Amino acid sequence: LNCNSALYFPFDGEYSGRGPYPKYGEKINYSNLPEHCLVDSSVENKIRSNIYQAVMWHKDYPQKLNVVIIEKCNLSNGRSARVILFSSDLELTAEKMIQYYRLRFQIEFTFRDAKQHWGLEDFMNIKEQAVHNAANIAMFMVNVALAIGRAADTSLPFSVNDLKTRFHALFYLKNILKYDPHFEGFNFISQLYEEVCSIGCIHQPLKTA
């Protein structure tokens, strides 16, 4: 949800006896979130993280929502920011919901790579089996690229762009060395590989002594 979404606690006041039973109670005040909704609080590197959870109403949804508010405050300057997650499953804990949202973005990154690099949105097939094959080969290539990236250096985050940069750099390196009349082979190429192939990478390898 938007960080300033209008959320309402369920009505818990006294019913007047006339008209429909009130649905919306007090509107949430993000500058003064209720303490009874706080489920976790921690401080790390002068950043305080508070996690709130409550069942609330939103006027754009017909059912109650399980809402988790993640608020981070910089203790040095007092600036704060928040993220609001929600689910229609009222039984989910805040920890489980946060975990699901993290997995959601990892899945979306997989589809992003399949579309941008392996033709998931470019194929022109219309028959069922052909579409099935094209979609599966695109997702298969994401797994192949991931396996190659992990084999290259398991300590770095994976990026298909990094993988392409490394192979382009290796190709250029080999072809440049061919012009050296004293070049006797690629026995020493491993000494130059990491340094040259890291040029242009998003995730730079750590320097070793």
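Visitor: Where does Asn 50 lie?

Guide: Asn 50 lies in strand S4. The model is a predicted one.

Visitor: Why is Asn 50 called buried?

Guide: Its relative accessible area is 8%. Buried means under 20%, so Asn 50 counts as buried.

Visitor: Which residues is Asn 50 in contact with, leaving aside its neighbours within four places in sequence?

Guide: On that basis Asn 50 is in contact with Leu 38, Asp 40, Ser 41, Ile 69, Ile 70 and Glu 71.

Visitor: What makes the pairing of the Asn 50 and Ser 41 side chains a polar contact?

Guide: The distance between these side chains is 2.6 Å. A polar contact needs N or O atoms within 3.5 Å, one able to donate a hydrogen and the other to accept it. The value of 2.6 Å is within that limit, and the pair is therefore listed as a polar contact.

Visitor: What is the strand order of the open sheet?

Guide: The order is S3-S4-S5-S6, with 4 strands and antiparallel pairing. From one strand to the next, the twist averages 15 degrees.

Visitor: Why are strands S3 and S6 called edge strands?

Guide: Strand S3 (38-44) and strand S6 (80-87) each pair on one side only.

Visitor: How do you know that S4 and S5 pair?

Guide: S4 and S5 run antiparallel and are joined by 10 bridges. Two strands pair if there are at least two bridges between them, so S4 and S5 meet the condition. Across these strands, Arg 48 stands opposite Cys 73 in S5.

Visitor: Which strands does H1 lie across?

Guide: H1 lies across S3, S4, S5 and S6, and runs at about 95 degrees to S6.

Visitor: Which residues touch the most other members of the largest nonpolar core?

Guide: That core has 13 residues, and those touching the most other members are Leu 7, Ile 28, Tyr 30, Met 56, Val 67 and Ile 69. Strand S4 (47-56) and strand S5 (65-74) are the elements that give two or more residues to this core. A second, separate core has 9 residues, including Ile 51, Ile 70, Ala 94 and Tyr 101.

Visitor: What is Tyr 30 in contact with, beyond its neighbours within four places in sequence?

Guide: The contacts of Tyr 30 are Cys 3, Asn 4, Ser 5, Leu 7, Ile 69, Glu 71, Arg 82 and Ile 84.

Visitor: How many salt bridges does the structure hold?

Guide: The structure holds 2 salt bridges.

Visitor: Why is the meeting of Glu 108 and Arg 104 called a salt bridge?

Guide: The N to O distance between their side chains is 3.2 Å. The definition asks for a side-chain nitrogen of Lys or Arg within 4 Å of a carboxyl oxygen of Asp or Glu, so the pair qualifies. Glu 108 and Arg 104 are 4 residues apart in helix H1 (residues 94-117), which means they are separated by about one helical turn.

Visitor: What makes both Glu 108 and Arg 104 partly exposed?

Guide: The relative accessible area of Glu 108 is 37%, and Arg 104 stands at 40%. Buried is under 20% and exposed over 50%; both values lie in between, and the residues are therefore partly exposed.

Visitor: What is the distance between the closest N and O atoms in the salt bridge of Asp 113 with Arg 112?

Guide: Those atoms are 3.1 Å apart, which is within the 4 Å limit. Asp 113 is buried at 8% relative accessible area, whereas Arg 112, at 39%, is partly exposed.

Visitor: What is the phi of Asn 45, and what is the phi of Lys 46?

Guide: Asn 45 has phi near 55 degrees, a positive value in a residue other than glycine. Lys 46, also not a glycine, has a positive phi of about 65 degrees. Asn 45 is placed in the loop between S3 and S4, where Lys 46 is also found.

Visitor: Why are Asn 45 and Lys 46 called exposed?

Guide: Asn 45 has a relative accessible area of 70%, and Lys 46 has 56%. Exposed means over 50%, so both residues are exposed.

Conventions: Residues are numbered from 1 along each chain as its sequence is written. This is a predicted model: local features need pLDDT of at least 70, side-chain atom pairs count only at pLDDT 80 or more; totals for chains, interfaces and linings use all residues. Side-chain values use heavy atoms; hydrogens and water are left out. A nonpolar core is a set of buried Ala, Val, Leu, Ile, Met, Phe, Trp, Tyr and Cys residues joined through side-chain atoms within 4.5 Å. Buried means under 20% relative accessible area, exposed over 50%, partly exposed in between (1.4 Å probe, protein chains only). Contact means heavy atoms within 4.5 Å. Axes are lines fitted to C-alpha atoms, for helices over the stretch in contact, and angles run from 0 to 180 degrees between N-to-C directions.
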